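Open the model in your viewer and keep the selection tool at hand. The tour goes from one selection to the next.

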Amino acid sequence: MVFAPPTQGHARHNHPGAEEIIFIIKATGEQIVEDHNGVSETRQVGPGCTISIPESRFHATQNTGTEPMEIFVVYSPTGPEKVLRDAPDFHLIPAKTDKGH
């Protein structure tokens, strides 16, 4: 999970060699994704929106709402998420296990 306070977000960046899927859980904002020609396209996003970002494509997310934005992110292949561990608000949530099975 990634959290973005109101008026904040993630500056333009890319993940060389990895695709990214962003799922907006809470709040509204703007999602910028560059097309294959490097032209930025901006879309309004909110709860339930899924954004597919092709490999190495530049993109940015901005919370334009009044509540903290909650974002679920998946990378394929994995690896880019390791940078998030250095963020000041990073919290690792351990996986739940079912000890009965």
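Select residues 29-34 and 40-45. These are strands E4 and E5 of this predicted model. The two strands run antiparallel, and six bridges join them. Pick Gln31 in your selection; Arg43 in E5 stands opposite.

Now go to the stretch between E4 and E5. This hairpin has five residues between its strands. Click Gly38 there: its phi is positive, near 85°.

Next, the core. Select Ile22, Ile24, Ile51, Met69, Ile71 and Val73. Within the largest nonpolar core, which has 13 residues, these have the most contacts. Which strands each supply at least two residues of this core? Color E1 (2-4), E3 (19-26), E6 (50-53) and E8 (69-76) to see them. E8 provides the largest share, four residues.

Stay with Ile71 and show its surroundings. Leaving out residues up to four places away in sequence, Ile71 touches Met1, Val2, His10, Ile22, Phe23, Ile24 and Thr61.

Then switch to a surface view. Select Met1, Phe3, Ile21, Phe23, Ile25, Phe72 and Val74. Together they make a nonpolar surface patch of about 600 Å². E3 and E8 are the elements that give two or more residues to the patch. E3 gives the most, with three.

Last stop: Ile25, in strand E3.

Methods
Residues numbered from 1 in each chain as written. Predicted model: local features only at pLDDT ≥ 70, side-chain atom pairs only at ≥ 80, totals over all residues. Heavy atoms only, no water. Core = buried A, V, L, I, M, F, W, Y, C linked by side-chain atoms within 4.5 Å. Buried < 20%, exposed > 50% of the residue type's maximum accessible area, 1.4 Å probe, protein only. Contact = heavy atoms within 4.5 Å. Patch = residues over 30% accessible without salt bridge, like charges linked within 9 Å, V, L, I, M, F, W, Y side chains within 5 Å. Areas by Shrake-Rupley, 256 points an atom, 1.4 Å probe, with all protein chains shown as cover. Salt bridge = Lys/Arg side-chain N within 4 Å of Asp/Glu carboxyl O. Pairing = 2+ DSSP bridges.
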